[in-house]
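Visitor: Hi, I'm new to this one. Can you put it on screen and walk me through it?

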Amino acid sequence: MAQRLRPVGPEFAGTAPVRLVFTRDMTAAPDAVFRALAEDVASWPEWFPAVSSVRPTEAGRAVRLRGGTRFEETVLSARAPEVYAYRVDVTNTPGARAWVEEWRLVPTGAGTRVRMTFALDGTAAFRLVCRLIGPGVGHAFRNAVAALDRRLGQP
C-alpha cells in the first residue's frame with residue numbers, strides 16, 4: 001500500500017539517520033551527465049536496470065522499479081551541471097518515513113565524478129534493511145553509472 005512520506009528539504013541529504021553514499025568516475029562531461037539525469041528521465045530504464053519506468057510529472061517524476069516498488073517524487077534541486085536531487089513523497093516501500101536522493105557531479109579532467117547519496121529515515125526495521133542492502137545498492141549504482149557512461153560516449 002502506498003504511503004505519503006514526511007516532506008524534507010535538500011539538507012536532509014546531509015542529516016538523514018541513514019545515508020548511503022556511492023561514487024563513480026565517468027568519462028562523460030558534467031553537462032551531459034546532468035542532462036541524462038534531469039532532462040532525459042524517460043531514458044533511465046535504458047541505463048539503470050533496476051528502473052522499469054520513469055515519467056515526468058508536474059512536480060518531478062513517477063518511478064517504478066523492477067519488482068514493483070513505486071515512487072512519486074518532487075525535484076528539490078536541479079542546478080546544472082552540479083546537482084540533481086529529489087524527494088520521495090509517496091512510495092509503497094514499507095516503513096519509509098523520509099527519503100531524498102541526491103546526485104552531485106564534480107568535473108574531473110574531461111570527465112565527471114558522480115556522488116549519489118540515498119538519505120533515508122523510517123522505522124527501525126526499515127533503517128536496518130537499508131543498511132543491510134547498502135552494498136547491493138552501491139553495486140547497482142556503479143553498474144548504472146558505467147552503463148550511462150557508455151551510452152553518453154556513443155556518437
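Visitor: Which element gives the most to the lining of the largest pocket?
Guide: That is H4, with 9 residues. Keep in mind that this is a predicted model.

Visitor: Which other elements supply at least two residues of that lining?
Guide: Strands E4 (60-65), E5 (70-79), E7 (96-108) and E8 (111-122) do, alongside helix H4 (124-153).

Visitor: How many residues line the pocket, and which lie nearest its centre?
Guide: The lining has 28 residues. Leu65, Trp99, Glu101, Phe118 and Val137 lie nearest the centre.

Visitor: How much space lies in there?
Guide: About 540 Å³.

Visitor: And how does the lining divide into nonpolar, polar and charged?
Guide: It has 22 nonpolar residues, 3 polar and 3 charged.

Visitor: Back to H4. What is its reach?
Guide: H4 has 30 residues and spans 42 Å from first C-alpha to last. That is close to the 44 Å expected at 1.5 Å a residue.

Visitor: Where in H4 is the kink?
Guide: At Gly134, shortly before the proline Pro135. The kink is about 50°.

Visitor: Is Gly134 buried or exposed?
Guide: Gly134 is buried. Other buried residues of H4 include Phe126, Cys130, Gly138 and Phe141.

Visitor: I see a spacing of four there. Why might that be?
Guide: An α-helix has 3.6 residues a turn, so residues three or four places apart point the same way.

Visitor: Now the strands. How many residues of E8 are buried?
Guide: E8 is mostly covered, with 10 of its 12 residues buried.

Visitor: What does E8 pair with?
Guide: E7 is one partner, running antiparallel to E8 with 12 bridges. Within that pairing, Glu102 has Thr117 as its bridge partner. Strand E2 (residues 18-26) is also antiparallel to E8, joined by 9 bridges. There, Met26 stands opposite Thr112.

Visitor: What sits in the turn between E7 and E8?
Guide: The two strands form a hairpin with 2 residues between them. Gly109 is in the turn, and its phi is positive, about 65°.

Visitor: Why is Gly109 called exposed?
Guide: Because its relative accessible area is 80%, and the cut-off for exposed is over 50%. Gly109 is also 8.9 Å from Ala29, C-alpha to C-alpha, though they are 80 residues apart in sequence.

Visitor: Which strand forms a hairpin with E4?
Guide: E5 does, with 4 residues between the two strands. Gly67 in that turn has a positive phi of about 100°. E4 and E5 run antiparallel, with 5 bridges. Arg64 has Arg70 as its bridge partner in E5.

Visitor: Which peptide bond is cis?
Guide: The one from Ala80 to Pro81, with omega near -10°. Pro81 lies in the loop between E5 and strand E6 (83-91).

Visitor: Last one. Where is Glu58?
Guide: In the loop between strand E3 (51-56) and E4. Glu58 is exposed, at 87% relative accessibility. Its C-alpha is 10.0 Å from that of Glu73, 15 residues apart along the chain.

Definitions and conventions: Residues are numbered from 1 along each chain as its sequence is written. This is a predicted model: local features need pLDDT of at least 70, side-chain atom pairs count only at pLDDT 80 or more; totals for chains, interfaces and linings use all residues. Side-chain values use heavy atoms; hydrogens and water are left out. On a 1 Å grid over the protein atoms alone, a cavity is a set of points where a 1.4 Å probe fits but cannot get out, and a pocket is an open set with protein on both sides within 12 Å along at least five of seven lines; lining residues have an atom within 4 Å of a point. Grid points are joined across faces, edges and corners, and a volume is the space filled by probe spheres set on the points. Ala, Val, Leu, Ile, Met, Phe, Trp, Tyr, Cys and Pro count as nonpolar, Asp, Glu, Lys and Arg as charged, and the others, Gly among them, as polar. Buried means under 20% relative accessible area, exposed over 50%, partly exposed in between (1.4 Å probe, protein chains only). Two strands pair if DSSP finds at least two bridges between them. The expected span of a helix is 1.5 Å times one less than its number of residues. The bend at a residue is the angle between axes fitted to the seven residues ending there and the seven starting there.
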